[in-house]
Each structure stands twice: as C-alpha cells, then as structure tokens.
Amino acid sequence: MASEQVWVVAACFNEEAVITRFIERVLALPEVDRLLLVDDGSSDATVAVIRACQQSHADQSVTLLELTRNFGKEAAMLAGLDHANGRCAAAVLIDSDLQHPPERIPAMVQAWRNGAEVVTAVRDDRDAEGLVKVATASWFYRVFNRLVDSIQLQEGAGDFRLLSAQVVEAVTQLREATRFSKGLMPWTGYRSEEIAYSRVARVGGSTSWSSLKLWRYALDGIFSFTVKPLKVWGVIGVLISFLSFIYAALIVLRTLVFGVDLPGYASLIVAVLFLGGIQLIGIGVLGEYIGRIYIDVKRRPHYFVRAVHQSSELLR
C-alpha cells in the first residue's frame with residue numbers, strides 16, 4: 001500500500017555527472033519503494049539523464065518533478081514534500097550529489113520503525129571540507145544556538161533526514177517565504193533520533209553554494225527564528241546614551257575646574273563616524289526583517305511545476 005511506502009526525495013540542480021549513480025545506489029536499497037527527484041531548473045542535461053534512467057525502471061519506482069525554473073533548494077525540497085505528503089509513510093530527504101551516502105538510509109528506516117518520528121543524519125567528521133568552511137559553520141551554530149531559545153541546532157546536522165508521514169504533513173504546513181529547513185524540522189517538536197555518517201567529497205559536478213549564498217542562508221536561519229538582533233539595538237542605544245551622559249558630565253566638570261578649552265576636531269569626527277556606523281548597522285538589521293516581511297506578505301507560490309514524469313509514461 002502507498003501508505004506504507006518509504007520514499008526518497010532529492011532536489012537536483014545541474015547534477016548530470018552524478019545523477020545516474022545516485023539513482024542506481026538509491027534503488028538498490030530494498031527499503032526504498034520510490035525515488036522522487038525534483039529538478040530545480042537545471043541548465044544542463046539533468047532532466048534528459050533522469051528521463052533516460054526512467055526507461056530502465058519502468059516499474060514506476062522513479063518520479064521526476066520538473067520545476068519551471070531555479071527556485072532554490074528550499075523550494076525544491078518543499079515541492080518534493082508536497083508531492084509525497086499523503087502518499088507515503090516516511091520520506092527521506094537527501095542530496096543528489098552523493099555527499100550524503102544512500103547506504104545510511106536502511107539504518108534511518110530501522111530507527112523510524114523502532115519509533116522515531118524524525119531520524120537526523122549527523123556528520124561524524126568534516127574531512128572533505130576546508131578549514132575555513134568548517135570554522136565558519138561552527139561559528140554559525142554557536143551564534144544561532146545562543147540567539148535562538150525555541151530550538152537548538154546540532155553541529156553537523158543538515159538536510160539528510162527521514163520524516164514520518166505526520167512530520168511531512170506538519171512541515172508542509174509551514175509556508176513562510178524565507179525557509180530554513182534545518183530549523184523548521186526540529187521546531188515541529190517531533191521525537192528525533194540521530195545516526196552518524198561520513199560526508200565525502202563530490203564525485204562529479206560542482207556545488208552551486210557560493211560563500212555569499214551560504215552567508216545569506218545563515219542570515220535567513222537567524223532572522224527566521226529570533227528577534228534578538230532587533231532587541232540588541234535598544235540595549236546598544238541605552239549604553240551609548242549612558243556613556244554620552246558620563247562624557248558630558250566630565251566635560252562640565254573639567255570646564256568648571258580648568259576653564260574652557262578648544263574642542264578637538266579629531267575626537268569630534270571619530271564620534272560622528274562611530275555613531276553613524278552604529279545607526280547604519282541598526283538600520284541594516286531592521287531592513288533584513290522588513291525585507292522578509294515584504295516578501296512574505298506577497299504570498300507568492302514557492303514554486304511552479306512544469307511537469308510530473310512517471311516511468312510508466314515512457315511505455316506508452
């Protein structure tokens with residue numbers, strides 16, 4: 001029955017070099033009933049390669065959701081979960097670049113059958129990544145967990161997760177425009193179990209995540225789950241006002257004791273530039289929140305699907 005099936009959901013973007021190996025490794029697992037691939041507007045031959053693979057899996061075990069353009073990984077994952085919602089008992093989210101080993105899926109399924117509602121794969125090392133990326137990722141997790149009270153992110157936990165049908169339904173109800181799935185899934189509060197895996201280097205193709213995109217994604221995570229960056233500027237304002245009051249008192253006292261002296265140009269410029277910088281940073285933080293409100297209130301769909309390709313279509 002479809003309600004008892006385990007689906008694997010993977011977003012694809014320009015993965016023609018690895019997608020065939022990914023499909024073969026996933027479908028070789030007896031625990032997997034269906035593989036759902038979401039093409040996020042690839043500009044290479046990813047769709048053609050997937051369609052060719054469907055010819056050799058005419059049992060309808062491979063489904064392709066072709067989006068109209070590149071909407072981003074978060075939107076592609078949501079499209080996959082929307083399609084899987086109500087059709088399976090559990091869905092495994094995995095990257096299609098083979099940095100998430102499909103061979104860990106059986107252990108995830110077993111943990112789910114033992115009662116876990118969410119099974120999160122956590123990296124046990126970061127040998128395949130550079131030192132700078134490791135350091136910045138570690139910094140992000142520390143900052144996020146310090147700022148956010150509602151949830152805590154575990155370092156090394158990403159999008160490689162198994163979600164029960166109940167969790168899939170819950171996650172698809174969260175429709176905010178700026179999505180941060182690493183936080184949304186633990187925010188739902190369902191019981192989670194963790195398993196370890198070793199992340200490997202890409203076997204083909206290149207990543208689409210530049211340093212700027214990772215920075216923006218980190219900001220999305222922080223601004224989506226806490227308003228402390230807004231509140232801190234009230235504290236900074238009070239602190240600066242207090243220091244200004246102390247400095248003014250010192251000037252009055254010095255004038256009464258030593259008389260009036262010539263104000264310093266350098267100190268005046270430093271004070272103006274410092275306060276101006278503080279104000280611009282505060283406006284920038286406020287702008288991040290307002291920008292997300294602006295995007296959210298338009299309530300645009302997260303994605304559009306050009307076509308849904310089933311293996312059986314190739315047999316007609």
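Phe180 is buried, at 2% relative accessibility; buried here means under 20% relative accessible area, exposed over 50% and partly exposed in between, with a 1.4 Å probe and protein chains only.

Some remarks on the source. This is a predicted model, in which local features need pLDDT of at least 70 and side-chain atom pairs count only at pLDDT 80 or more, while totals for chains, interfaces and linings use all residues. Residues are numbered from 1 along each chain as its sequence is written, and side-chain values use heavy atoms, with hydrogens and water left out.

Let me take the aromatic residues together. The structure holds nine aromatic pairs. Rings of Phe, Tyr and Trp (for Trp, its six-membered ring) pair if their centres lie within 6.5 Å; planes under 30 degrees apart count as stacked, over 60 as edge-to-face and the rest as tilted. One of the pairs is that of Phe160 with Tyr197, which is edge-to-face, at 5.5 Å centre to centre and 80° between the planes. Because Phe160 lies in strand β6 (residues 157–164) and Tyr197 in strand β7 (residues 192–197), the pair ties together parts that are 37 residues apart in sequence. Helices (H or I, at least four residues) and strands (E, at least two) are DSSP runs, numbered from the N terminus. Phe160 has 0% relative accessibility and counts as buried; Tyr197, at 4%, is buried.

I return now to Phe180. The ring centres of Phe180 and Tyr217 are 5.0 Å apart and the planes stand at 50°, so this pair is tilted. Phe180 belongs to the loop between α6 (165–173) and α7 (181–187), and Tyr217 to helix α8 (residues 211–225), so the pair ties together parts that are 37 residues apart in sequence. Tyr217 counts as buried at 11% relative accessibility. Ring pairs also link Phe180 and Tyr217 with Phe140, Tyr141, Phe144 and Phe225 into a cluster.

Next, the helix packing. Two packed helices are described by the angle between their axes and the distance between the axes. The axes of helix α5 (residues 131–147) and α8 come within 10 Å and cross at roughly 10°. Axes are lines fitted to C-alpha atoms, for helices over the stretch in contact, and angles run from 0 to 180 degrees between N-to-C directions. That makes α5 roughly parallel to α8, a term for angles under 35 degrees, with over 145 counted as roughly antiparallel, 65 to 115 as roughly perpendicular and the rest as oblique. Which residues of α5 and α8 make the contact? From α5 they are Lys133, Trp139, Phe140, Val143, Phe144 and Leu147, and from α8 Leu214, Trp215, Ala218, Gly221, Ile222 and Phe225, where contact means heavy atoms within 4.5 Å. The residues of this contact divide into ten nonpolar, one polar and one charged. Ala, Val, Leu, Ile, Met, Phe, Trp, Tyr, Cys and Pro count as nonpolar, Asp, Glu, Lys and Arg as charged, and the others, Gly among them, as polar.

I close with individual residues. Leu131 lies in helix α5 and is exposed, with a relative accessible area of 77%. Asn14 is not a glycine, yet has a positive phi of about 55°. Asn14 is placed in the loop between β1 (6–12) and α1 (19–27) and is partly exposed at 23% relative accessibility. Arg299, in the loop between α10 (265–297) and β8 (305–310), has a positive phi near 50° and is exposed at 73%.
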